[in-house]
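Begin with the sequence and the model.

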Amino acid sequence: MSDKLKTPSNFFKDMDEVRAYAESIKDSVSENVYNDILFLLGLEENKALTTMVKINGEDVAIDRYIADLIKFLEDKDYKPLASCSGLQEEHQDSLHKPKQGYLAIKYLDNCFKYLSENLNIDGISVEKSECYLQPAINITVKADTDEELKDLWNRLFEFLK
């Protein structure tokens, strides 16, 4: 058996295949389980308070508090892939309440190296990951309260500027 970490791209070739898989099991599981599967596969509809931001030429609903950060990254050509503010106040209607915020951007080796070596803010971590079957840099923002999360997002935005 391989020691290689299994990632979604080991099982699916593209997001259309992921959506088809989810649809194929819809009638064989309960609605709650199906909703959990959609969440885990990154297919759950965003029910947070959002602002529309143009990403890769398309309007995308982004959690309000981090919309300016996502727009900034898109404008700088860092290719945002997915994000969640983690703020409870923005996710009151969400089925799956976030316990932290995150930002995934397309993986660039030099960017990952820079962030890993220089982003030293307690409560924020950086790791290599995969997002929507693409190599990604995942920045996780973790705090106990919305106010602490907002402070961390602000500090991250300042760092990235």
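A residue counts as buried when its relative accessible area is under 20%, and as exposed when that area is over 50%. The model discussed here is predicted.

## Ala67 in helix α3

Ala67 belongs to helix α3. Its relative accessible area is 5%, so Ala67 is buried.

Which residues does Ala67 touch, leaving out those up to four places away in sequence? They are Thr51, Val53 and Ile62. Ser85 is 18 residues away from Ala67 in sequence. In space, the two C-alpha atoms are 9.1 Å apart.

## Ser83 in strand β3

Strand β3 spans residues 80-84 and contains Ser83. Is Ser83 buried or exposed? Its relative accessibility is 18%, so Ser83 counts as buried. The cut-off for that class is under 20%.

Ser83 has contacts with Ile62, Ile66, Ile70, Tyr102 and Leu103, once residues up to four places away in sequence are set aside. Ile62 is among the residues touched by Ser83, and Ile62 is also touched by Ala67.

## The second largest pocket

The second largest pocket holds about 200 Å³ of space. Its lining consists of Phe72, Leu73, Lys76, Tyr78, Leu103, Ile105, Cys111, Tyr114, Leu115, Ile139, Phe159 and Leu160.

Which elements each supply at least two residues of the lining? They are α3 (67-75), β4 (101-106), α4 (109-118) and α5 (146-160). The most comes from α4, with three residues. By class, eleven lining residues are nonpolar and one is charged. No polar residue takes part.

## Rings and a charge

The count of aromatic pairs is four. Tyr107 and Phe112 have ring centres 5.7 Å apart and planes at 40°, so this pair is tilted. The tilted class lies between stacked, under 30 degrees, and edge-to-face, over 60. Phe112 has a relative accessibility of 15%, so it counts as buried.

A charge also sits over a ring. Lys161 lies over the face of Phe157, at 4.4 Å from the ring centre.

Definitions and conventions
Residues numbered from 1 in each chain as written. Predicted model: local features only at pLDDT ≥ 70, side-chain atom pairs only at ≥ 80, totals over all residues. Heavy atoms only, no water. 1 Å grid on protein atoms, 1.4 Å probe; cavity = no way out; pocket = protein on both sides within 12 Å on 5 of 7 lines; lining within 4 Å. Points joined across faces, edges and corners; volume = space filled by probe spheres on them. Helix = DSSP H or I, 4+ residues; strand = E, 2+ residues; numbered from the N terminus. Nonpolar A, V, L, I, M, F, W, Y, C, P; charged D, E, K, R; others polar. Phe/Tyr/Trp six-rings, centres within 6.5 Å; stacked < 30°, edge-to-face > 60°. Buried < 20%, exposed > 50% of the residue type's maximum accessible area, 1.4 Å probe, protein only. Lys NZ or Arg CZ within 6 Å of the ring centre and 35° of its normal. Contact = heavy atoms within 4.5 Å.
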